[in-house]
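Have a look at the fold first, then read on.

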Amino acid sequence: MTHWPDVADEWRVALEHAAGCPDCRTPGAICETGERLLSAYEGAARQARSEEGE
């Protein structure tokens, strides 16, 4: 069973954060929270793709 809903949730959380975060919207700025959320999304997407290939 793939976890695409998990991927969508991780993406939504990352986008909602970025929309309200001045650092995420500033080119060249670093936001540790934004980076962490993006990594969580990427991990969920990799997991879903891996499970889909089983």
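Start with Leu 38, which counts as partly exposed because its relative accessibility is 33%; buried means under 20% relative accessible area, exposed over 50%, and partly exposed in between, with a 1.4 Å probe and protein chains only. Leu 38 sits in helix α2. Helices here are DSSP runs of H or I with at least four residues, numbered from the N terminus.

Before going further, a word on the ground rules. This is a predicted model, where local features need pLDDT of at least 70 and side-chain atom pairs count only at pLDDT 80 or more, while totals for chains, interfaces and linings use all residues. Residues are numbered from 1 along each chain as its sequence is written, and side-chain values use heavy atoms, with hydrogens and water left out.

**The patch**

Which residues make the nonpolar surface patch of about 260 Å²? Leu 38 is one of them, together with Trp 11 and Leu 15. To join such a patch, a residue needs over 30% relative accessible area and no salt bridge, and nonpolar side chains (Val, Leu, Ile, Met, Phe, Trp, Tyr) are joined within 5 Å. The areas come from the Shrake-Rupley method with a 1.4 Å probe. Leu 15 belongs to helix α1, and with 42% relative accessibility Leu 15 is partly exposed.

**The pocket**

Leu 38 also turns up at the largest pocket, as one of the residues nearest its centre, along with Ala 18, Cys 24, Gly 34 and Glu 35. The lining counts 14 residues, and two elements give two or more residues to this lining: α1 (4-20) and α2 (32-52). Helix α1 supplies the largest share, five residues. Sorted by class, the lining has ten nonpolar, two polar and two charged residues. As for volume, the largest pocket comes to about 180 Å³.

A pocket, on a 1 Å grid over the protein atoms alone, is an open set of points where a 1.4 Å probe fits, with protein on both sides within 12 Å along at least five of seven lines; lining residues have an atom within 4 Å of a point. The volume is the space filled by probe spheres set on the points.

Gly 34, also in helix α2, counts as buried, since its relative accessibility is 16%.

Arg 12 and Glu 16 are four residues apart in helix α1, so about one helical turn separates them. Arg 12 is partly exposed, at 39% relative accessibility.

Ala 44 lies in helix α2 and is buried, because its relative accessibility is 15%. Ala 45, in helix α2 too, is buried at 4%.

| Pair | Apart in sequence | C-alpha to C-alpha |
|---|---|---|
| Ala 44 and Glu 16 | 28 residues | 17 Å |
| Gly 34 and Ala 45 | eleven residues | 16 Å |
| Leu 38 and Ala 48 | ten residues | 15 Å |
| Ala 45 and Asp 9 | 36 residues | 11 Å |

Conventions
Nonpolar A, V, L, I, M, F, W, Y, C, P; charged D, E, K, R; others polar. Patch = residues over 30% accessible without salt bridge, like charges linked within 9 Å, V, L, I, M, F, W, Y side chains within 5 Å. Salt bridge = Lys/Arg side-chain N within 4 Å of Asp/Glu carboxyl O.
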